Amino acid sequence: IIKVSDKMDAAVLKTQSTTPFYAFFDTDKYKVGEKLYAAGFPYIISQTTEDYLMSLSEGNITNTKLIETNMDKYMVVSVPMSSGNSGGPIINSYGLLRGMSLGGFDEEYFKKHSEDIAIGGMDVNVMVPGNQLKKWLNYNGIRVDEKDRNIRMNAEEVGEIANQMVSIIICFKDDRWF
């Protein structure tokens, strides 16, 4: 487990697989309005339906400037996220990794972790941009593959790619998962 930010740690798992599926990074410049998809396992769904299937939500990059707190850099996105999405991939319409979801921040978080930031009482969904993830992975000796944009996909096709990228890992503490 490696610290990614002051809000989140991440685990890098090495597995052996008979399938060739893993994530390719897209290193093209970020653009306002770029369509993104967040893959994950929202807690509310598993608790109310006992279903552990992946969920996919759709949104956009809302601003390309990074929010910098005392320790971290985030990008604001309009992709809906909830508990269970954090740490999951943010994928573009080419099926390539653009970042990692962190979920939402409220105004109190920014007041506590940043100087002179006031966001007017709204919650903000953010991701760790792929270029920040690449730096973190390279620093930890993990090679990252990149791929050029090729064929644009529809949401169902991105969902199939995402389903091959993610797996649910359930962590238990005091007989509860989180």
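**Figure 1. Asp26 and Arg98 meet in a salt bridge in this predicted model.** Let us start with the side chains of Asp26 and Arg98, whose N and O atoms are 3.7 Å apart. A salt bridge here is a side-chain nitrogen of Lys or Arg within 4 Å of a carboxyl oxygen of Asp or Glu. Asp26 sits in the loop between strand S2 (9-10) and strand S3 (35-40), while Arg98 belongs to strand S8, so this pair ties together parts that are 72 residues apart in sequence. Helices (H or I, at least four residues) and strands (E, at least two) are DSSP runs, numbered from the N terminus. Are Asp26 and Arg98 buried or exposed? Both Asp26 and Arg98 are buried. Buried means under 20% relative accessible area, exposed means over 50%, and partly exposed is in between, using a 1.4 Å probe and protein chains only.

A few notes apply to every view: residues are numbered from 1 along each chain as its sequence is written, and side-chain values use heavy atoms, with hydrogens and water left out. Because the model is predicted, local features need pLDDT of at least 70 and side-chain atom pairs count only at pLDDT 80 or more, while totals for chains, interfaces and linings use all residues.

**Figure 2. Arg98 takes part in a network and also lies over a ring.** Which residues are linked in a network of salt bridges? They are Asp26, Asp28, Glu34, Arg98 and Arg149. Arg98 also lies over the face of Tyr30, at 4.0 Å from the ring centre. For a charge to sit over a ring, NZ of Lys or CZ of Arg must be within 6 Å of the ring centre and within 35 degrees of the ring normal.

**Figure 3. Asn92 makes a polar contact with Asp26.** You can find Asn92 in strand S7, and its relative accessibility of 0% is why Asn92 counts as buried. The side chains of Asn92 and Asp26 make their polar contact at 2.6 Å. A polar contact is a pair of N or O atoms within 3.5 Å; within protein, one must be able to donate a hydrogen and the other to accept it, and residues adjacent in sequence count only if both atoms are side-chain atoms. Leaving aside neighbours within four places in sequence, Asn92 is in contact with several residues, among them Glu34, Leu36, Arg98 and Arg149. Contact means heavy atoms within 4.5 Å.

**Figure 4. Ser93 joins Arg152 through a polar contact.** Look for Ser93 in the loop between strand S7 (89-92) and S8. Its relative accessibility is 6%, so Ser93 counts as buried. The side chains of Ser93 and Arg152 are joined by a polar contact of 2.9 Å. Not counting residues up to four places away in sequence, Ser93 touches Lys35, Tyr37, Ile151, Arg152, Met153 and Val158.

**Figure 5. Glu58 and Lys35 form a salt bridge.** The closest N and O atoms of Glu58 and Lys35 are 3.2 Å apart. Glu58 lies in strand S4 (residues 55-60) and Lys35 in strand S3, so the pair ties together parts that are 23 residues apart in sequence. Glu58 is partly exposed, with a relative accessible area of 41%, and Lys35 is partly exposed too, at 34%.

**Figure 6. Glu146 and Lys134 meet in a salt bridge.** How many Å lie between N and O in the salt bridge of Glu146 and Lys134? The value is 2.2 Å. Glu146 is in the loop between helix H3 (130-139) and helix H4 (155-165), whereas Lys134 is in helix H3, so the pair ties together parts that are twelve residues apart in sequence. Glu146 counts as partly exposed at 43% relative accessibility, while Lys134 counts as buried at 17%.

**Figure 7. Strand S6 pairs with strand S5 and with strand S9.** Strand S6 (residues 73-77) is mostly covered, with four of its five residues buried. Strands S5 (residues 67-68) and S6 pair in the antiparallel sense over two bridges, and Tyr74 in S6 is the bridge partner of Ile67. S6 and strand S9 (residues 124-129) are also antiparallel, over three bridges, with Met75 standing opposite Met127 in S9. Two strands pair if DSSP finds at least two bridges between them.

**Figure 8. Ser101 is buried in strand S8.** Ser101 lies within residues 97-105, the span of S8, and its relative accessibility is 0%. Its side chain reaches the backbone oxygen of Asn85 at 2.4 Å.
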